[in-house]
Amino acid sequence: MIEFSDVCKNFGPSKTAADHLALTVNDGEIFGFLGPNGAGKTTSIKMMTGILKPDSGRIRINGIDVAEHPIEAKKQFGYVPDSPDQLLRLKGIEYLDFMADMYDVPGELRAERIKTLSAEFEMNKALGDRIQSYSHGMRQKIVIIGALLHDPAVWILDEPLTGLDPKSAFTLKQRMRQHADSRKTVFFSTHVLEVAENLCDRVAIIDHGRILFSGSLSELKEQHRGDESLEKIFLEMTDHE
Amino acid sequence: MNKYGALTRVLFKNGAMPGQTDDTRSKIVLLIVAVAFLPLLGVEAAAFWNSYGMITAYHLEGAMLTGLLTGACVTMVLLGILYVISTYYFADDTVLLLTMPIPPQRILAAKFTVVLLFQYLIEVLVVLPGLVVLGIRGGNVFYWVNAILVFAALPLLPTVVCSVVSILIMAFSRFFHNKDRVKFLAGLLAIALSLGICIPMQLLGDRSVSIQDSSALMNKAAVLFPSNLLAGHAILDGTAVSLLWLVAFLLVSAAAVAVFLLLGNRLYLRGVVGLSQTSVGSRVTNEGLRTKRRPAVLSLALKDWRLLCRTPAYALNCLLGALLVPLIMVVTFGVTLHSIAIPHADAIVISLCVLFLAFVSMTNVVSPTAVSRDGPDANLARLFPVPMKVQILGKLIPGLGLSFATLIITTIPVCILYRPDALTAVSACGLSAISLITFNMFGLFLDLAFPKLLWNDETAAVKQNFNVTIELLVMAILLGLPAFLLYKMQLNLQNGLLFLLIYNLVLLEASAQLLFRKGPELLSGIDPSAKPAKKAADRRKTIRVTLGVVFTVAVLGMVGWEIFFVHTDVSVTSSEVTVSAGLGESSSFALSQIQKVYLKDTLPSVSGRVGFSSGAQLRGSFVVEGLGRGHVYTESKKGPFLFVIYKGGFTVLNFNDSAKTNHLYAVLRQYGQKA
């Protein structure tokens with residue numbers, strides 16, 4: 001579960017990234033975080049993961065306050081950033097070993113998970129190469145594998161499907177569904193509204209740091225003309241702001 | 001031509017050197033660098049000025065000038081190779097330019113121009129002072145006109161040499177089609193060539209070279225760039241004939257550029273297409289998967305170590321430096337100072353050995369760049385469920401390990417060369433080891449406080465990082481201070497060693513407190529994406545606070561020094577006595593004015609202080625009971641006190657060492673009545 005309680009974040013007087021954000025993501029659901037460019041999606045995710053500190057308010061993950069108990073909170077989630085360009089001079093296997101060490105993944109379990117996940121995402125033949133030599137999609141995949149190695153209860157994914165080939169995207173979506181169905185949480189941001197429509201149990205639409213809507217897609221459509229597509233509703237909501 | 005001009009402007013602005021971008025900070029850095037080099041230029045000019053008489057007496061102007069021009073060309077080739085390869089083949093803009101309808105010749109011409117501008121910096125340092133001095137002392141109109149044109153055209157040929165070599169290599173050898181490999185090898189080449197020049201020159205020592213030999217040497221040096229003989233004649237001829245030499249030199253340079261552009265037009269694309277950033281590694285089998293968990297601190301240290309080794313800029317500047325610097329130092333000192341014997345069992349010598357060993361071992365600059373080298377990845381520290389102290393420790397380990405390795409590499413040849421006694425060797429090594437831990441921690445703390453995270457090229461993280469300079473400066477001061485204090489305190493060996501041990505342990509504790517108390521907070525607050533304005537404001541505030549602290553410490557240090565270490569000094573000449581007591585307090589009186597000189601066991605009560613007073617120390621003008629206002633300079637509460645009454649006033653003196661007081665009395669009493 002993820003809870004935002006009255007979270008605010010400003011970058012200067014005219015740039016509000018989070019304006020009294022209040023949001024709850026329950027266990028067992030895939031939650032989509034939608035918004036135009038610069039709306040505050042990545043900032044909200046960075047505050048959730050401890051990269052940024054909110055100016056005020058609280059964020060809890062599985063009941064643990066991220067600010068007060070950061071170590072415990074960070075063990076609860078696996079995070080896939082919007083840019084997969086990190087630690088490029090490590091080999092794929094070295095990166096995964098490193099991530100497993102950071103998250104205290106036991107020995108036999110890590111080998112098993114690396115084997116399984118790298119096979120699923122078709123990265124097993126590339127683990128001996130440096131991440132620098134990977135394409136964007138391959139970098140995305142290695143980061144996803146690294147985030148899932150410690151089998152976190154909460155997945156926080158910032159535009160995870162960008163750059164993935166269709167098979168890998170399908171694999172990831174399947175895994176997201178399985179994860180949510182096992183009473184765990186998936187929180188992800190995306191620009192691809194069709195994915196949000198097909199995958200998400202609930203969505204939130206954010207613009208200029210404010211939540212414009214939070215709820216299920218059917219609720220969203222009921223609030224607007226019921227036959228409109230999510231894309232049209234989204235554009236209407238964010239245009240009027 | 002328009003495309004060439006526009007392309008050159010864009011490539012220049014896109015560069016990574018200071019002053020190439022539009023921002024004010026970059027221009028300020030360039031200005032500071034320029035100002036910093038002025039003293040060097042001044043020293044060079046002064047050297048030429050002072051030796052001008054000898055140069056003209058032996059008709060060495062031509063040899064000198066040709067040597068300067070050739071030296072500049074050689075330096076440009078040595079330092080330009082890496083820059084040329086990086087600019088022509090591995091710059092970020094290369095891929096974009098290749099997709100545009102621009103002939104390769106034009107791309108090359110623009111990149112050539114950008115490299116040329118860099119070469120002028122070298123030329124200014126090497127050639128300009130000598131050229132200007134020769135012109136002022138003996139030049140005419142022809143000299144100056146030709147000198148300016150030669151100066152403008154000189155970098156063309158060496159840049160062509162670098163360019164042609166790189167084009168041929170890249171076109172015909174796939175071995176170099178790897179950015180990391182090229183960068184590393186080119187850097188190695190530059191270092192090897194530099195050592196290849198420095199070490200033989202060092203080994204030449206003070207062997208005198210006859211005038212005849214030096215002329216031959218200069219002429220031989222000109223063989224590397226024969227066109228410099230034409231340039232030398234053009235500048236020094238001083239008649240209209242010099243223009244012919246000049247035209248010949250310019251034609252040669254122009255021809256070289258033309259050849260380069262023709263060659264480049266045919267071969268540049270062949271070399272630039274299909275470049276890769278890195279090589280393909282081996283397959284990982286299921287059996288190769290690790291099943292043992294590694295502690296987080298070791299995993300972090302291993303991650304940093306791998307990145308150090310695999311990033312050419314870091315490997316060249318950090319790792320290679322750790323191995324080469326001891327070698328260079330040992331060769332330099334071993335050849336020139338091998339006959340010096342190290343005094344045995346001397347605390348000051350041990351202190352200086354610690355300074356030398358620690359300084360050499362810290363030149364790997366790993367710790368003061370540990371955070372900067374992360375760049376945009378610095379964010380990761382806040383993601384991991386690993387305590388910040390553990391992450392800091394993980395960052396410390398590579399630098400510590402390398403420093404200790406360098407210490408061992410340095411100590412062994414030093415012990416062989418100088419054969420110190422066992423106590424000196426063991427003490428120096430032990431204290432150096434403590435210093436290494438101290439200054440690795442301090443360096444890491446500096447980089448946590450002032451990280452350089454926004455860079456386009458990894459080299460900037462290590463070479464344009466002032467934390468390195470600050471760390472080495474602080475280390476030099478803090479490790480040099482004990483030697484000075486030992487000299488002043490005149491402690492015996494046992495007490496001296498004890499003092500050194502306590503001193504180093506105090507520094508160790510201070511740096512540990514600094515790193516592990518402030519460090520976690522600093523690491524949690526690092527944000528590579530923070531707005532430049534906020535970062536600049538934070539930086540300014542930090543600089544103000546730091547300067548304030550440094551200033552306060554310096555002032556307190558100076559005052560403390562004056563109080564505790566500057567003693568009253570009395571100088572007696574044939575006509576007067578001068579007393580200097582530090583803190584600006586001094587006075588003098590004529591011997592002929594002395595009326596009375598006497599000793600007393602106690603000092604009457606004093607008041608009306610105009611000067612310094614602390615405990616037994618009095619320095620300045622005081623009202624002494626029974627005598628009125630006069631000068632009082634005392635160091636001890638215990639007598640005797642020397643009273644010198646002279647016309648118009650008096651002076652009371654007393655030293656810690658009573659024998660000194662008595663001796664001064666013996667000297668001065670002949671000039672006055674006895675009490």
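Tutor: In this predicted model, the contact draws 41 residues from chain A and 37 residues from chain B. Together the two chains bury about 3600 Å² between them, and 58% of that area is on carbon and sulfur atoms. On the chain B side, Arg310(B), Leu383(B) and Pro385(B) lose the most area to chain A, together 19% of what that side buries.

The rule finds five salt bridges between chain B and chain A. In one salt bridge, the side chains of Glu94(A) and Arg310(B) meet at 2.5 Å, N to O. Helix H14 of chain B, residues 296–310, gives the most to the side of chain B that touches chain A, contributing seven residues. By residue class, that side of chain B divides into 13 nonpolar, 13 charged and eleven polar residues.

Leaving aside residues up to four places away in sequence, Asp377(B) touches Asp85(A), Gln86(A) and Leu87(A). Asp377(B) is buried, yet it has no salt bridge. The nearest side chain of opposite charge belongs to Lys303(B), 7.1 Å away, whereas a salt bridge requires a side-chain nitrogen within 4 Å of a carboxyl oxygen.

Turning to chain A as a whole, the chain contains nine helices and ten strands. Of its 241 residues, 56% are buried. Among its contacts between residues at least 6 apart in sequence, 67% join residues at least 24 apart. Helix H1 of chain A, residues 41–49, is mostly covered, with eight of its nine residues buried. The buried residues of H1(A) include Lys41(A) and Lys46(A), as well as Ile45(A), Met47(A) and Met48(A). Just after H1(A), Gly50(A) takes a positive phi of about 90°.

Chain B has 23 helices and ten strands. Of the 675 residues in chain B, 45% count as buried. For contacts in chain B with a separation of 6 or more, residues 24 or more positions apart account for 74%.

Two further residues of chain B supply local detail. Arg619(B) is found in strand S6, residues 617–624. Arg619(B) counts as buried because its relative accessibility is 3%, and the cut-off for buried is under 20%. The side chain of Arg619(B) is joined to that of Gln617(B) by a polar contact of 2.4 Å. Gly560(B), in turn, lies in helix H22, residues 532–565. Gly560(B) has a relative accessible area of 18%, and is therefore buried. The C-alpha atoms of Gly560(B) and Leu583(B) are separated by 10.0 Å, and these residues are 23 residues apart along the chain.

Conventions: Residues are numbered from 1 along each chain as its sequence is written. Chains are lettered from A and ligands numbered from 1 in the order in which they are written. This is a predicted model: local features need pLDDT of at least 70, side-chain atom pairs count only at pLDDT 80 or more; totals for chains, interfaces and linings use all residues. Side-chain values use heavy atoms; hydrogens and water are left out. Contact means heavy atoms within 4.5 Å. Buried area is the accessible area (1.4 Å probe) that two parts lose on being put together, summed over both. Helices (H or I, at least four residues) and strands (E, at least two) are DSSP runs, numbered from the N terminus. Ala, Val, Leu, Ile, Met, Phe, Trp, Tyr, Cys and Pro count as nonpolar, Asp, Glu, Lys and Arg as charged, and the others, Gly among them, as polar. Buried means under 20% relative accessible area, exposed over 50%, partly exposed in between (1.4 Å probe, protein chains only). A polar contact is a pair of N or O atoms within 3.5 Å; within protein, one must be able to donate a hydrogen and the other to accept it, and residues adjacent in sequence count only if both atoms are side-chain atoms. Lys and Arg count as positive and Asp and Glu as negative; His and the chain ends are not counted.
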